Each structure stands twice: as structure tokens, then as C-alpha cells.
Amino acid sequence: MTADPLTLPAPIARADLPVSTEAMARWLIGRSLVHAHLDGTVAGRIVETEAYVPGDSSSHAFRGSTPRNRSMFLEHGHAYVYFIYGSWFALNVSAEPPGTGAGVLIRAVEPTHGIPLMQRRRGTDRLVDLARGPGRLASALAIDRSLDGLDLCQGAPLWLGEPLRPAGPIGESVRIGLSRETDRVLRFFEQGSPFVSGPKRLNALPLPQRP
């Protein structure tokens with residue numbers, strides 16, 4: 001679904017963000033991600049996230065603050081961008097009070113604004129492949145380490161925006177590609193969205209029954 005290119009989602013106020021990693025990961029589904037770059041502005045609906053909660057041994061913050069991960073310890077709503085596997089960047093959102101290291105990985109967005117620019121950056125016309133997975137997302141939206149530590153509630157150049165339409169039913173599953181804490185149900189996605197990454201067996205799971 002494309003959107004009016006002249007109407008960008010307004011930035012989300014920090015006061016509206018949950019101060020809880022798992023709650024934020026779920027809450028961000030259906031919200032927007034916008035990057036006003038010198039080449040042009042692009043945006044999309046967030047359709048897939050993963051939570052990396054405090055004390056999580058699979059989190060970059062597990063062993064404490066370092067020059068690489070210090071953005072995870074900022075007030076909730078800041079960008080943590082890292083380079084992974086020597087191949088691509090990934091965008092996370094800090095998700096706890098200042099000094100507590102935790103974050104939400106943005107795994108996929110549904111492109112809504114600046115689609116031709118995303119297609120040029122990615123070298124493909126396939127809409128569903130533009131930002132499906134954290135590496136593709138970062139490439140399509142020109143996200144790199146220069147944006148690390150940025151306040152995502154300020155409105156420029158990268159920000160979290162209000163939803164363009166309500167999110168559909170939200171599915172849950174274990175996270176993808178981990179070697180530790182592999183059984184934790186901390187991945188959230190818009191059910192039925194073709195823009196979600198990951199194996200079909202995870203995306204087809206029924207909604208878990210919470211106690």
C-alpha cells in the first residue's frame with residue numbers, strides 16, 4: 001500500500017512510548033519509520049520487531065555498556081545502529097529508562113513513501129523485498145552508524161511516526177537467528193503481512209494463549 005508522498009507521519013511523542021522493551025516491541029507494530037535523507041524521504045509501516053529485554057544473554061547490552069552499544073542505555077526512544085556479520089546495518093530502539101540496556105530490533109517495514117528511491121537503493125522492483133529483514137530495511141532506508149544515538153522522537157532526520165492505519169492482528173513467535181535464549185517468545189509481527197521476514201512456519205503460528 002502506498003501513501004500520499006506529501007503527507008508524512010507525525011513524530012511520536014516520547015511520553016506515548018511504553019517504558020518496557022517487550023511492550024514497546026508489540027506497540028511499534030503498525031507505527032511508522034521515516035528517514036528524511038538528502039537523497040529523498042522514505043518511510044514505511046513497522047510490521048515486525050524483536051525485543052531484547054534487560055538481562056537477556058542474547059542482547060548486545062548483556063555485559064554492560066561499551067562504546068559500541070552505549071545507545072542501548074539511553075532514554076527509551078533513541079536509535080541503536082550496529083553493523084552485523086560484516087555485511088549490513090541493523091536499527092534498534094532503546095526501550096528502558098536511562099542506564100538500563102535493552103532494545104527493540106526493527107526487523108521489517110511495509111514501504112509507504114519514497115518507494116522508487118528504495119527500489120534504486122536495493123536494486124529490485126519487488127515491493128515485498130525492499131525492507132523485509134533488518135539488513136534490507138537499513139539499506140532501503142539508508143540507515144547507518146551515523147544515525148546511532150539519534151533521538152527518534154525529534155522528527156529529523158530519522159523518526160518514529162504515528163500509524164497510517166491501524167495494525168492488524170499481532171502474532172508472536174520466538175526470535176530469529178539466535179544461539180542463546182532461543183525459546184523466548186519476543187518477536188512480534190502483523191499477521192498476514194507479506195512484508196514480514198522469517199520462515200513461514202513462524203509467521204503462520206496461531207496467537208499464543210497468554211495465562
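A polar contact is a pair of N or O atoms within 3.5 Å; within protein, one atom must be able to donate a hydrogen and the other to accept it, and residues adjacent in sequence count only if both atoms are side-chain atoms. In this predicted model, such a contact of 3.0 Å links the side chains of Arg184 and Glu181, and another, of 2.7 Å, links those of Asp129 and Arg126.

**Arg184**

- The loop between strand 7 (170-174) and strand 8 holds Arg184.
- Because its relative accessible area is 30%, Arg184 is classed as partly exposed, the class between under 20% and over 50%.
- Beyond four places in sequence, the contacts of Arg184 are Val53, Asp56, Ser173, Val174 and Arg175.
- Arg184 and Asp56 are separated by 128 residues in sequence, while their C-alpha atoms are 9.8 Å apart in space.

**Asp129**

- Asp129 sits in the loop that runs between helix 2 (115-122) and helix 3 (134-140).
- Asp129 counts as buried because its relative accessibility is 13%, and the cut-off for buried is under 20%.
- When residues up to four places away in sequence are set aside, Asp129 touches Arg122 and Arg136.

**Largest pocket**

- The largest pocket contains about 640 Å³ of space.
- Its lining comprises 28 residues, and Ser58, His60, Tyr82, Ile84 and Leu178 are those nearest the centre of the pocket.
- At least two lining residues come from each of strand 2 (40-52), strand 3 (79-84), strand 4 (88-94) and strand 5 (103-113).
- The lining of the largest pocket is made up of 13 nonpolar, 10 polar and 5 charged residues.

**Second largest pocket**

- About 160 Å³ of space is found in the second largest pocket.
- Residues lining the second largest pocket include Arg132, Phe189, Glu190, Lys200 and Asn203.
- Strand 8 (185-190) and helix 4 (200-203) each contribute at least two residues to this lining.
- By class, the lining of the second largest pocket has 3 nonpolar, 4 polar and 3 charged residues.

**Nonpolar cores**

- The largest nonpolar core has 37 residues, and the members touching the most others are Leu33, Ile106, Ile143 and Leu160.
- Another core, of 9 residues, lies apart from the largest one and has Tyr52, Ala61, Met72 and Leu105 among its members.

Key:
Residues numbered from 1 in each chain as written. Predicted model: local features only at pLDDT ≥ 70, side-chain atom pairs only at ≥ 80, totals over all residues. Heavy atoms only, no water. 1 Å grid on protein atoms, 1.4 Å probe; cavity = no way out; pocket = protein on both sides within 12 Å on 5 of 7 lines; lining within 4 Å. Points joined across faces, edges and corners; volume = space filled by probe spheres on them. Helix = DSSP H or I, 4+ residues; strand = E, 2+ residues; numbered from the N terminus. Nonpolar A, V, L, I, M, F, W, Y, C, P; charged D, E, K, R; others polar. Core = buried A, V, L, I, M, F, W, Y, C linked by side-chain atoms within 4.5 Å. Buried < 20%, exposed > 50% of the residue type's maximum accessible area, 1.4 Å probe, protein only. Contact = heavy atoms within 4.5 Å.
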